[in-house]
Amino acid sequence: MATQRVLPQSKETLLQNYNKRLKDDIRSILDNFTEIIKTAKVEDETQVSRATQAEQDHYEMHVRAANIVRAGESLMKLVSDLKQFLILNDFPSVNEAISLRNQQLRALQEECDKKLISLRDEIAVDLYELEEEYYSSSCGQWDGVELPLCEAFRQRDSWGSPNMALDPSNPITDDSERPVATETMSHHLNGHGSSTNEQS
């Protein structure tokens, strides 16, 4: 059996005040509503004229309706005060909510870590296969020196460009001065055993 927590004197007094406010507001709503129902009842002839009695009843209904509204607003304020009291003083519930949220976030973190590790492994395998394919092909060789993939294709495109022959600043004027890897790359890109000149 769970033991009831003993609240400090100030908190106990505050809770008693909340309880009193709750009872007073509910009693006010009930009493005013009952009086409005009684006022709506048509009574027999009295010394006061019907017009005067109607105005008096109308005014009384307005006052009692305002009392009901004021009691309702007081109840809403009481609910707000109770929520604030629970947030500031109900430490076990707050700690339990924080612990539950931490567990959810840790589970989400572990799931994200697993997905990232799996993605890293897949990328590593694909990158290894691409490097093997690149370094085993002739496109990765330039005068016996291994070049990065982007550099090899850049130099290949520059040798194959028609502007190279028209550029006066280009020091290479003879086909024999071009690196041997140019013919090798052309042979590799054409996909045949002979170069383009030999096929023609």
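**Charged pairs**

Tutor: R120 is exposed in this predicted model, with a relative accessibility of 53%. The side chain of R120 meets that of D121 in a salt bridge, at 3.4 Å from N to O. D121, at 37% relative accessibility, counts as partly exposed. Side chains of opposite charge can pair when their charged atoms come close.

A search of the whole structure finds eight salt bridges, and the pair of R120 and D121 is one of them. Another joins K38 to E35, where the closest N and O atoms are 3.9 Å apart. The cut-off is 4 Å, so this pair counts as a salt bridge. K38 and E35 are three residues apart in helix α1, a separation of about one helical turn. K38 is exposed, with a relative accessible area of 52%, while E35 is partly exposed at 26%.

Helix α2 holds a further pair, E60 and R64, which lie four residues apart, about one turn of the helix. Their side chains meet in a salt bridge at 3.2 Å, N to O. E60 has a relative accessibility of 23% and counts as partly exposed. R64 is partly exposed as well, with a relative accessible area of 22%.

Key
Residues are numbered from 1 along each chain as its sequence is written. This is a predicted model: local features need pLDDT of at least 70, side-chain atom pairs count only at pLDDT 80 or more; totals for chains, interfaces and linings use all residues. Side-chain values use heavy atoms; hydrogens and water are left out. Helices (H or I, at least four residues) and strands (E, at least two) are DSSP runs, numbered from the N terminus. Buried means under 20% relative accessible area, exposed over 50%, partly exposed in between (1.4 Å probe, protein chains only).
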